[in-house]
Amino acid sequence: MNYIKNSIFTGIILSQFLFTPTCFGSTLEHKQIDALVEKAMGKLNIPGIALAVVSGNEVLYAKGHGVQSIETNTPVDTDTLFQVASISKSFLTAAFARLVDEGKLSWDDKVIDHLPHFQMYDPWVTREFTIRDLLTHRSGLPLGAGDLLQWPDAHAQPDEIIAALKYLKPTSSFRSEYSYNNLMYTVAEEVIRVVTKMPWDQYVEKALISPLKMTGCVASPKRITQKDKRAIPHMAVNGQLKTTFFKDDEHINCDITGMAKWAQMFLSKGKLPEGQVLITEQQQKEMWKSVTLQKVSYIDQKYAQTHFQAYGLGWRLKDFHGHLHASHGGAVQGMTSHIAFLPEKDIAVIALTNQWSRAAQGLTATILEHYIEQQPTDYIDVYIEGNKRYKEYLKQQNKAEKPLELSSTKPPLALSQYAGTYQDDWYGSVKVIVSDEKLLIEFSRGKALRGALVHLQGNRFAAKWTDRTLNADAFVNFDVDFEGNISGFKMKAISRSTDFSYNFHDLNLKKVSE
């Protein structure tokens with residue numbers, strides 16, 4: 001097919017007519033995809049979406065919808081850059097695959113052989129930890145452990161993250177169960193740096209992005225040349241969309257044109273368009289081999305007839321109506337994305353969005369089902385209905401739980417006694433200060449986690465963050481020693497909907513100075 005470009009609104013559309021791929025369950029026209037995307041945007045409150053459908057060497061559909069920002073109304077097109085967040089994990093594992101192909105390391109190398117300063121809580125685990133373990137979420141650490149070193153806007157250096165690991169206590173046995181952890185991928189990035197003698201993002205650009213001619217994509221936001229091409233992140237606050245800050249770190253920023261090329265490489269079993277091998281088929285099979293078993297969600301069981309789900313090397317794997325389904329999502333402050341394959345049907349779908357929602361995953365699942373089911377599920381409708389049920393659930397929970405009431409009395413101690421610097425072994429410092437007869441809290445690793453401490457009762461407060469797009473207010477319980485002095489405090493997110501990366505509950509902050 002020939003590429004047809006409308007640079008203002010639609011970007012690349014390969015055909016204005018329907019396409020009927022091999023073994024397609026039902027006919028799906030471009031206008032039906034357009035309608036599906038528009039419904040997702042309208043019902044799930046998404047300002048902009050870029051979506052591509054790829055089969056073999058053909059891009060069947062690639063188009064931008066909506067706007068980059070509600071403040072500028074600049075249209076999303078196929079050149080609009082999105083943060084793909086944890087989809088970056090697939091780039092990292094592909095980088096490892098190239099190094100394995102070149103004989104520079106193996107998946108089962110011990111981490112300490114490359115990073116001698118790597119240390120987990122348990123010395124035996126430290127000795128046994130392999131590169132494969134880094135990439136498969138079976139470390140034994142709890143969900144999101146240590147994420148505040150990188151979240152929501154923190155920028156801990158790799159050495160700081162590695163130094164913190166020995167203080168993070170496991171909640172399950174090593175390699176016994178799945179628990180998503182981002183820090184291990186930072187360790188993996190450091191292995192890349194040591195082996196290649198260059199930062200992982202530069203290696204990815206040299207070894208993967210450049211050969212694939214993903215000209216609009218970079219592995220570091222520092223190398224974005226056209227700032228006006230970036231989709232702006234958005235969050236919903238009390239139902240209203242608001243722009244929010246970029247969580248800029250050394251991860252992939254890409255347009256839908258580039259992501260289509262990324263998908264084509266996997267569909268062609270690791271080959272470039274010209275036929276050269278970028279990653280051997282053997283290593284791609286290794287990436288898409290199940291390692292750590294996961295629980296199957298209710299939605300997958302009911303609608304996708306999924307019986308098994310696992311995590312491979314930077315990829316989620318499951319059976320989807322009896323077919324292999326490989327995918328990964330990405331979520332960062334104000335953006336979500338999803339890439340999904342049915343390799344046996346030679347098809348992939350990528351959706352990039354600039355809002356925090358499940359729209360991207362719903363779009364990929366809905367479109368893929370059209371390739372194998374005569375009556376495919378509309379997962380956007382499923383998620384719309386799920387949102388309604390979840391809101392009703394929260395309403396019932398709020399009725400059942402004791403309401404968050406502000407105290408009509410003063411705290412039992414003078415505000416100055418709560419003020420000071422508090423230290424946690426793995427995170428670092430948090431300050432509590434008195435300003436205008438109010439308590440304020442400030443986390444040291446970023447600017448986002450700053451706000452007021454509102455008194456609830458006794459020595460219990462609520463941290464109300466100034467940036468209301470965070471959706472992460474937290475309880476703060478101060479500890480008092482036998483002399484009646486504040487010795488430290490612990491925290492816990494107030495809302496069950498707070499993202500797991502706000503792992504306040506893992507902090508054990510001790511007062512170190514007034």
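Q: What volume of space lies in the second largest pocket, and what makes a set of points a pocket?
A: About 490 Å³ of space lies in the second largest pocket. Its lining has 21 residues, and those closest to the centre are Ala156, Gln157, Pro158, Asp249 and Glu250. The term rests on a 1 Å grid over the protein atoms alone: a pocket is an open set of points with protein on both sides within 12 Å along at least five of seven lines, whereas a cavity is a set where a 1.4 Å probe fits but cannot get out; a lining residue has an atom within 4 Å of a point. Grid points are joined across faces, edges and corners, and the volume is the space filled by probe spheres set on them. The model is predicted, so local features need pLDDT of at least 70 and side-chain atom pairs count only at pLDDT 80 or more, while totals for chains, interfaces and linings use all residues. Residues are numbered from 1 along each chain as its sequence is written, and side-chain values use heavy atoms, with hydrogens and water left out.

Q: Which element gives the most to the lining of the second largest pocket?
A: Helix H7 does, with four residues. Helices (H or I, at least four residues) and strands (E, at least two) are DSSP runs numbered from the N terminus.

Q: How do the residues of the lining of the second largest pocket divide by class?
A: There are seven nonpolar, five polar and nine charged residues. Ala, Val, Leu, Ile, Met, Phe, Trp, Tyr, Cys and Pro count as nonpolar, Asp, Glu, Lys and Arg as charged, and the others, Gly among them, as polar.

Q: What is the volume of the largest cavity, and which residues line it?
A: The volume is about 40 Å³, and the search of the whole structure finds one cavity of 30 Å³ or more. The lining consists of Leu148, Trp151, Pro152, Asp153, Ala154, Tyr427, Phe443, Arg445, Gly446 and Leu449. By class, this lining has seven nonpolar, one polar and two charged residues.

Q: Why is the pair Cys217 and Cys254 called a disulfide?
A: The sulfur atoms of Cys217 and Cys254 are 1.9 Å apart; a disulfide requires a pair of cysteine sulfur atoms within 2.5 Å, so the pair qualifies. Cys217 lies in the loop between helix H8 (200–209) and strand S6 (234–237) and Cys254 in strand S8 (residues 253–254), so the pair ties together parts that are 37 residues apart in sequence. The torsion about the S-S bond is about 50 degrees, so the disulfide is right-handed.

Q: What makes Asp34 and Lys63 a salt bridge?
A: Their N to O distance is 3.0 Å, and a salt bridge needs a side-chain nitrogen of Lys or Arg within 4 Å of a carboxyl oxygen of Asp or Glu, so the pair meets the rule. Asp34 lies in helix H1 (residues 30–44) and Lys63 in strand S4 (residues 58–66), so this pair ties together parts that are 29 residues apart in sequence.

Q: Are Asp133 and Arg138 buried or exposed?
A: Asp133 has a relative accessible area of 0% and Arg138 one of 14%. Buried means under 20%, exposed over 50% and partly exposed in between (1.4 Å probe, protein chains only), so both Asp133 and Arg138 are buried. Their side chains meet in a salt bridge at 2.7 Å, N to O.
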